[in-house]
Amino acid sequence: MSESSAADILARAQSEIVACQTPEQVEAFRIQYLGKKGIVTAMLKGLADVAPDQRKVIGQQANELRSQIESLLTDKQAALGGARSKSPITIDYTLPGKRYPNGKLHPITQTLNEITDIFHGMGFEIALGPEVETEHYNFGSLNFPPDHPARDMQDTFYISKDLLLRTHTSPIQVREFEKKKPPVRIIAPGRTYRQEAISARSYCVFHQVEGFYVDRDVTFADLKGVINAFAQTYFGSDVKMRWRPSFFPFTEPSAEVDISCFLCGGKGCRICKHEGWLEILGCGMIDPNVFAAVNYDPEEYSGYAFGMGIERIAMLRHQIDDIRLFFENDLRFLNQF
Ligand code: PHE
């Protein structure tokens, strides 16, 4: 057998394999070349008759031809196999689709957004501040005396001597006063931390919304008007409110505002500590000492500030009797909102 005849056979096989379109045709091709009576098999068998000095060369050619044809076959089989897997899958387009559960906002986030939106609608700008705060912004700049009990490690999570987790959103007041000149009208939502005994009413992490307005001739009546407008928008026009004198180092005069307890209708229950009222915010006229430290002239400007607890408000609104539910992330609870 000459070299050209092996090459001829390969060339023929190459053109024939291209024509094979079905597994049956591929099998016929295999039998034709590599079957018991196939062309390549015959060549290998015929080696016995070849002169001994030619045997080695022709044997190599025949083996090479066999492996070339084998690889033609495996390539073709793979190509046809691939084509088979691409064959049309039957899809029933009338079947209902898979239902993917929708994510939603946490009830506290919803409450924060709703409250922030109401004040935004009344002309307040939105500002944020850091949760890791300095002793200066959290206490000093807000006129807390050095020995004030809130500064105690018992009440505040300290990170170092000067750094702490903010205990309220009021430091945002000072941060904004340092950046802006009056008029300043801001609503500032955020997360706050206090080292409190955990109970149905208090948790170590909670949220507040801070609001403040500084301008010429701002009065306590403006504060009452804004808080009344907010409460009626958020709780409905027949909500009952109660203003009590109070004290905060950074406001003078100061007040706390209570709302009639939704859960018991004012009769008294576990949530309102059997008083019928729930405190929702602290407020007052900003102390001149706070203004002086940020170079606002207390003779020229006055302002009010208020801060409200979001968990309390959400509890009232949704009649929830345990604050811890907000932090457990139990879907049976969260899915209700
Ligand atoms: N920061 C106060 C608190 O957390 C609330 C407050 C805000 C009071 C603004 C007066 C003015 O209790």
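Here is a walk through a predicted model, from its overall layout down to single residues.

The domain assignment of the protein chain places domain 1 at residues 3-79 and domain 2 at residues 107-334.

Is Arg55 buried, exposed or partly exposed? Its relative accessibility is 36%, so Arg55 counts as partly exposed, between the 20% and 50% limits. Leaving aside residues up to four places away in sequence, Arg55 touches Leu47, Ala48 and Val50. With Leu47 there is also a polar approach: a polar atom of the Arg55 side chain lies 3.3 Å from the backbone oxygen of Leu47.

Now turn to the sheet. Seven strands make up an open sheet with mixed pairing, and their order is β1-β4-β5-β9-β8-β7-β6. The edges are taken by β1 and β6 (241-248); each has a single partner strand, so one side of each has no neighbour in the sheet.

Strand β1 (residues 125-126) pairs with β4 in the parallel sense, over two bridges. You can find both ends of this pairing by residue: Glu125 has Ile186 of β4 as its bridge partner, and Ile126 stands opposite Ile187 in β4. On to the next neighbour: β4 and strand β5 (residues 205-215) run antiparallel and are joined by ten bridges. Within that pairing, Gly190 stands opposite Gln208 in β5. How enclosed is strand β4 (residues 184-193) by the rest of the structure? Eight of its ten residues are buried, so β4 is largely enclosed.

The ligand is surrounded by 14 residues, and the closest are His168, Ser170, Arg194, Gln208 and Gly307. For His168, a polar side-chain atom lies 2.9 Å from a nitrogen atom of the ligand. For Arg194, a polar side-chain atom lies 2.9 Å from an oxygen atom of the ligand. Gln208, the residue of β5 that stands opposite Gly190, likewise has a polar side-chain atom 2.9 Å from an oxygen atom of the ligand.

Next, move along the sheet to strand β7 (residues 251-260), where you will find Asp258. The relative accessibility of Asp258 is 2%, so this residue counts as buried. What does the side chain of Asp258 make a polar contact with? The partner is the side chain of Arg244, at 2.7 Å. Arg244 is one of the residues that Asp258 touches when those up to four places away in sequence are not counted; the others are Lys240, Met241, Arg242, Trp277, Leu278, Glu279 and Ile280.

Finally, a look at the cysteines. A disulfide is a covalent bond between the sulfur atoms of two cysteines. With a cut-off of 2.5 Å between cysteine sulfur atoms, the count of disulfides comes to zero. Cys269 has a relative accessibility of 13%, so it counts as buried. Cys283 has a relative accessible area of 2%, and therefore Cys283 is buried too.

Conventions: Residues are numbered from 1 along each chain as its sequence is written. This is a predicted model: local features need pLDDT of at least 70, side-chain atom pairs count only at pLDDT 80 or more; totals for chains, interfaces and linings use all residues. Side-chain values use heavy atoms; hydrogens and water are left out. Domain bounds come from an automatic or database domain assignment. Helices (H or I, at least four residues) and strands (E, at least two) are DSSP runs, numbered from the N terminus. Buried means under 20% relative accessible area, exposed over 50%, partly exposed in between (1.4 Å probe, protein chains only). A polar contact is a pair of N or O atoms within 3.5 Å; within protein, one must be able to donate a hydrogen and the other to accept it, and residues adjacent in sequence count only if both atoms are side-chain atoms. Contact means heavy atoms within 4.5 Å. Two strands pair if DSSP finds at least two bridges between them. A residue is near a molecule or strand if one of its heavy atoms lies within 4 Å of it.
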